[in-house]
Structure formats: C-alpha cells, structure tokens
Amino acid sequence: MSKQEVPYKIYLSEDEMPKAWYNLRADMKNKPAPLLNPGTLQPMTVEDLSPVFCEELAKQELDNDTKEIPIPDDIRNFYKMYRPSPLVRAYPLEQKLGTPAKIYYKFEGNNTSGSHKLNSAIAQAYYAKKQGLKGVTTETGAGQWGTALSMACSYMGLDCIVYMVKVSYEQKPFRREVMRTYGAKVTPSPSETTNIGKKILAEHPGTNGSLGCAISEAVEVATSTEGYRYVLGSVLNQVLLHQSVIGLETKAALDKYDIVPDVIIGCAGGGSNLGGLIAPFMGEKLRGEKDYRIVAVEPASCPSFTRGKFAYDFCDTGMVCPLAKMYTLGSDFIPSPNHAGGLRYHGMSTTLSQLYHDGLMDAVSVEQSKVFEAAEEFARIEGILPAPESAHAIAAAMAEAMKCKETGEEKTIVFGLTGTGYFDLVAYQKFNDGEMTDYIPGDDDLAESLAKLPNVDR
Ligand SMILES: *Cc1c(COP(=O)(O)O)cnc(C)c1O
C-alpha cells in the first residue's frame, strides 16, 4: 500500500467500536499474583473487597478467566460522546525526523478531562449506580483522575468526594474548579474530615500531603459512610480491563489498513493506559499468534520497572489497602520535589509486573528534561500540547524512529498519547525558563525504601 493511502487519522464508526472489553489475564499462563489481605496475608475474596469496592468491580478485579466482558450499553453510549478516539499517522513528525519508520499514535486527550482516565471512570461510576450506591470517594494528585471521575459521576447522578493532595489543591486551582463545576466535593488532604487526616495533621502540622495519605482518607470515608464505595483510577486489574478499549480500537483501526506494528510504546505510571493499549496485541503474543516488541516508559526519577523489586508491597502509605505483588520502589518512596513530569506512583499494575517479569515486555526510563524536549518538538510539529506523562512515550517513540533512521529499517511504531498538558503549564514554564533539572535517585535512596517492604513469604 502506498504511503499516502493511509489517512492522517484513522477513525472507526460507532458500530466498529468494541462491544466487549478484553481481559488479558485470561490468556496469561502465569496469572498476576493475588491481592493479599494485609491482616491475614490470605488472597482477597469478593467478600473481602466488597466493603471497599462495588461488587461488580470486585468481581472484575479477581476474574482471571473470562476473556471478554460485555460493555454495558449505558457505558458504550457514554463512550460514543468522545470515542472512538483517532489513531493518528504522524506524517509531519516522520518527515521532520527524516525517518523511514512509520509512526502512529492513539490520542486519548479529546475529552474535557484531557486523558484516558474517563474510560474507566465511567465504568466505575456505572457499576456504583447500578448497585444503588449514593456516591464514591477517591483521591487525586495532579487531578486528571478526579476530573474524569467527577464528569462520570455527574452523568450517572452520583455524589463524588475527592481528596486532593493539598499541594496540588493549592497549586492547581483550575483543576479543582473543573471538578467542582461537575459537582464534585473536593477536600484538600490531609483534612480534619477523617480520623487518619486528623492524626496526620497532628503529627505533621503544615504537611503538603501525599497521594498515600489522600487514599487513606478516601478509603476511610467510603468504608464508614452508608452507600459509598472507594474507586481508583489506575494500577488495578479492573482499570486495565476498562482501558482495553484503547487497544481494541487501535487494533481495529490498524487492521482496516492491514498495518502490523513492530513496536508498541506507552508511558507507565500505574500501568493502566499501557495495559489497555497493549491488551489485544499482548493477547496475540501470549497465544503464540504474533510477536511484538512492547515497551513501557517511565521517569528516571520514579523507575519502578527498571530499578524496582518484584515483591509484595503496600499500595498506599497508610497501609490500609491490600498488598500487591508488583515492581515497586517501596510504598515510602516519594520522587524528588523537582520531578514535574507525573507518573510518580511507587508501584505498578500486577498484570504488567508479571508480564515484565516473564520477559514479555521491555521497560526504559527517561529523564524529565528529555521528556519535555520531546514534548516541545512534538507540539511544534503535530500541534497537540501533550501531557508530560504522555511525552514519556513520545520521547521513546522518537528515539526508536531515530534508530530506524540509522539502520534504514521501516519499522511501524505505535504509541499511546494519553492526554493533553493544559494543566501542566507550570512544568512547561520551568522547562521554557531553563529551570528544569533532572534527578535520579541513588542506589542507597532506593535501598532505603525497599528495605521497608513487608515480609511476605509467597
Ligand atoms: C494518569 C495518567 C497517566 C498514567 O497513568 P497509567 O495508569 O500508567 O496510565 C498517563 N497519562 C496521563 C495523561 C494521565 O492522566
């Protein structure tokens, strides 16, 4: 097929959108290790998870066997308001780089929340509503997840209680106002509204807060308030399941033009967009039908895959959530304050951790100055202002394309462009002012937080 026959954007019709999510775990020979009850160290059951999560979501979390889970019509109809998302052929970028590689990106930033997180937020809000709940609680750091969830909750008619890390609450007032506009109740964390918040405030007056603390507050409110449950925007198996819509659409679009990718690249914070993007491709790989190189890209300042340990760890700093076996830097690990590029979670999806451990995917880390250089180059030629998180994937895709330039290989590269960066302009400002620095944790920094991993013998 000649080059120009592939359009700039490959769209699917509404009819061609996936009707079921694909559960990658069903095709894994080595299943992800089970979540453990932090008290008994026994695998969590649906009954264990139900006080915290909606029942249907608890079932999805533990379901390692059902390959296809139908997308309920209400969720599909919501998806139709902003999906299918385009698969874009980056002709201008290819030309600028002078590479023989063919570059495609799946753009998930075309909705008000500005990221892929809405794909799971609407599913989680739907199941909460269906169960007859009044509302959900969650935490948010930078605010993408809180925004997505508040949009989903307003659509479904659910209360949305968001604990926002205090420093972000103060530094990102616009994010906060988007959430409030969609009806969410946003509280800076730590707060006086929970026991754990009061305790932390008493021990650390003037603290900026942390994601771990906000999680503990959100879980406390969910488990102590009638008709509320807790929801989470990444890391969990259920979130990867919902995000499989990204990969299924990508594959359907590529199939239309008989395009077979060689390399698939995504940024990895908790692993949800990457897990979703690669799902159908990894499925083919697991079933021995095809082979792809799959690459996770993470920040050099928070390198869970490339320098972490594959072990059971706490998912939060408050140690109230189940233990997960994952690549982790230790639940105490907090990236340096000068890290502006997102993806700051200490752990990683258990599913992706198992796949990485089994040698089925690669991981690389990129320093943030390189990430922002790539973001700027991309914005200037492709027009889209990327989220710093997404720009990790851009940097790796561009590096891969430049390698092709040296070798003359005409590889097909697909990467996930997870969102837009309109709320990250303080970070862009730092970069534009030449004030962005790179920080890479030392081996002893990592050893210190890894030394505190719980002692789980499984
Ligand atoms: C949250 C977020 C990420 C990282 O989360 P994953 O669960 O690893 O996908 C990446 N990009 C954007 C724009 C985000 O909002």
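His392 belongs to helix α16, which covers residues 388-407; helices here are DSSP runs of H or I with at least four residues, strands are runs of E with at least two, and both are numbered from the N terminus. The model is a predicted one, in which local features need pLDDT of at least 70 and side-chain atom pairs count only at pLDDT 80 or more, while totals for chains, interfaces and linings use all residues. Residues are numbered from 1 along each chain as its sequence is written, and side-chain values use heavy atoms, with hydrogens and water left out. With a relative accessible area of 1%, His392 is buried; the term buried stands for under 20% relative accessible area, exposed for over 50%, and partly exposed for values in between, with a 1.4 Å probe and protein chains only. A polar atom of the His392 side chain lies 3.0 Å from the backbone oxygen of Pro388.

The ligand comes next. It is surrounded by 17 residues, and the closest are Lys117, Ser234, Ser272, Asn273 and Thr418; a residue is near a molecule or strand if one of its heavy atoms lies within 4 Å of it. Sorted by class, this shell holds four nonpolar, 11 polar and two charged residues. In that sorting, Ala, Val, Leu, Ile, Met, Phe, Trp, Tyr, Cys and Pro count as nonpolar, Asp, Glu, Lys and Arg as charged, and the others, Gly among them, as polar. A backbone N or O atom of Gly269 lies 2.7 Å from a ligand oxygen, and a backbone N or O atom of Gly271 lies 2.8 Å from a ligand oxygen. From Gln144, a polar side-chain atom lies 3.3 Å from an oxygen atom of the ligand. The ligand taken alone exposes 380 Å², and the protein buries 95% of that; these accessible areas come from the Shrake-Rupley method with a 1.4 Å probe, and for residues only the protein chains shown count as cover.

Aromatic rings are the next topic. A pair of rings is described by the distance of the centres and the angle of the planes. Rings of Phe, Tyr and Trp (its six-membered ring) pair if their centres lie within 6.5 Å, and planes under 30 degrees apart count as stacked, over 60 as edge-to-face and the rest as tilted. By this rule there are 16 aromatic pairs. One of them joins Tyr105 and Phe378, whose ring centres are 5.2 Å apart and whose planes stand at 70°, so the pair is edge-to-face. This pair links distant parts of the chain, with Tyr105 in strand β5 (residues 102-107) and Phe378 in helix α15 (residues 368-382), 273 residues apart. Tyr105 is buried at a relative accessible area of 2%, and Phe378 is buried at 0%. Helix α15 also carries Phe372, which pairs with Tyr428 of helix α17 (residues 425-432), 56 residues apart. The centres of the Phe372 and Tyr428 rings are 5.2 Å apart with planes at 75°, so this pair is edge-to-face. Both Phe372 and Tyr428 are buried. Elsewhere, ring pairs link Phe78, Tyr79, Tyr82 and Tyr155 into a cluster. A charge meets a ring where the charged end of Arg176 sits over Tyr169, 4.6 Å from the ring centre; for this, NZ of Lys or CZ of Arg must be within 6 Å of the ring centre and within 35 degrees of the ring normal.

Most residues other than glycine have a negative phi, and most peptide bonds are trans. The peptide bond from Arg83 to Pro84 is cis, with omega near -5°, and Pro84 is in the loop between α3 (73-82) and β4 (87-89). Another cis bond runs from Ser189 to Pro190, with omega near 5°; Pro190 is in the loop between β8 (185-189) and α9 (195-203). Leu41, not a glycine, has a positive phi near 60°. This residue is in the loop between β2 (20-22) and α1 (46-49), and at 30% relative accessibility Leu41 counts as partly exposed. Val235 also has a positive phi, of about 65°. Its place is the loop between β9 (228-230) and α11 (237-256), where Val235 is buried with a relative accessible area of 12%.

Notes: A polar contact is a pair of N or O atoms within 3.5 Å; within protein, one must be able to donate a hydrogen and the other to accept it, and residues adjacent in sequence count only if both atoms are side-chain atoms.
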